[in-house]
Amino acid sequence: MATEDTTDAAGPVRDLVVEAARTQLAAVSAGIRFWAAWVESADRYTKAVGAELARLEDETEQTGDLAARLADHTRAYLREMTTLPTVAVQHFNGELEKIGRPKRRRTRAAKVKE
């Protein structure tokens with residue numbers, strides 16, 4: 001009797017552990033996607049600002065609108081930053097769908113015909 005009770009209780013516990021693992025995997029993956037997108041955006045921003053600063057050294061370039069160009073780069077960077085949470089949530093939801101819900105195990109075995 002005790003063995004049957006243990007087996008019956010293992011199903012819901014197993015389902016809970018599997019669901020927790022699915023959610024954790026999706027959350028970690030979404031976090032990685034968030035930080036990777038942030039790094040890429042920050043890299044583009046620093047390269048753009050660096051290029052603008054390098055233009056200051058070049059005497060043939062006009063630097064009169066440097067402040068406007070820097071503001072444009074900053075505005076684009078900040079706009080990208082505001083989309084990162086949405087990207088992470090979409091990735092999280094996509095990962096949950098991709099991993100999929102486990103199929104329910106059969107609780108009753110088929111009877112063998114005699």
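This report describes the helices, surface, aromatic residues and salt bridges of a predicted model.

## Basis of the description

Because the model is predicted, local features require pLDDT of at least 70 and side-chain atom pairs count only at pLDDT 80 or more, whereas totals for chains, interfaces and linings use all residues. Residues are numbered from 1 along each chain as its sequence is written, and side-chain values use heavy atoms, with hydrogens and water left out.

## Overall architecture

The chain has 2 helices and 0 strands; helices (H or I, at least four residues) and strands (E, at least two) are DSSP runs numbered from the N terminus. Helix α1 covers residues 2-57, and helix α2 covers residues 66-99. Contact is defined as heavy atoms within 4.5 Å. Among contacts between residues at least 6 apart in sequence, 77% join residues at least 24 apart.

Of the 114 residues of the chain, 18% count as buried. Buried denotes under 20% relative accessible area, exposed over 50%, and partly exposed the range in between (1.4 Å probe, protein chains only). The chain exposes about 9300 Å², of which carbon and sulfur atoms supply 59%. Accessible areas come from the Shrake-Rupley method with a 1.4 Å probe, and for residues only the protein chains shown count as cover.

## Aromatic residues and the nonpolar patch

A search of the whole structure finds 3 aromatic pairs. Among them is the pair of F34 and W35, which is edge-to-face because the ring centres are 5.0 Å apart and the planes stand at 90°. Rings of Phe, Tyr and Trp (its six-membered ring) pair if their centres lie within 6.5 Å; planes under 30 degrees apart count as stacked, over 60 as edge-to-face and the rest as tilted. F34 is partly exposed at 23% relative accessibility, while W35 is exposed at 52%. The rings of Y45 and Y77 form a stacked pair, since their centres lie 4.7 Å apart and their planes are at 20°. This pair links distant parts of the chain, with Y45 in helix α1 and Y77 in helix α2, 32 residues apart. Y45 is partly exposed, with a relative accessible area of 25%, whereas Y77 counts as buried at 16%.

F34, W35 and W38 form one aromatic cluster. W38 is found in helix α1 and is partly exposed at 33% relative accessibility. On the surface, W35, W38 and V39 form a nonpolar patch with about 330 Å² of accessible area together. Patches consist of residues with over 30% relative accessible area and no salt bridge, in which like charges are joined within 9 Å and nonpolar side chains (Val, Leu, Ile, Met, Phe, Trp, Tyr) within 5 Å.

E52 lies in helix α1 and is buried, with a relative accessible area of 6%. R69 is placed in helix α2 and also counts as buried, at 14% relative accessibility. A polar contact of 2.5 Å joins the side chains of these two residues, R69 and E52. The side chain of E52 makes a further polar contact, of 3.3 Å, with the side chain of H73. A polar contact is a pair of N or O atoms within 3.5 Å; within protein, one must be able to donate a hydrogen and the other to accept it, and residues adjacent in sequence count only if both atoms are side-chain atoms.

Leaving aside neighbours within four places in sequence, E52 is in contact with L66, R69, L70 and H73. With residues up to four places away likewise not counted, R69 touches E52, R55, Q62 and T63.

## Salt bridges

The structure contains 9 salt bridges, each defined by a side-chain nitrogen of Lys or Arg within 4 Å of a carboxyl oxygen of Asp or Glu. E52 forms one with R55, the closest N and O atoms being 3.5 Å apart. Both residues, E52 and R55, lie in helix α1, 3 residues apart, about one turn of the helix. R55 is partly exposed at 28% relative accessibility. A network of salt bridges links E52, R55, D65 and R69.

R22 and E19 also form a salt bridge, with the closest N and O atoms 2.7 Å apart. About one helical turn separates R22 and E19, because they are 3 residues apart in helix α1. R22 is buried, with a relative accessible area of 7%, while E19 is partly exposed at 25%. In helix α2, where R75 and D72 lie 3 residues apart, the side chains of R75 and D72 meet in a salt bridge of 2.4 Å, N to O. R75 is partly exposed at 44% relative accessibility, and D72 is partly exposed at 41%.
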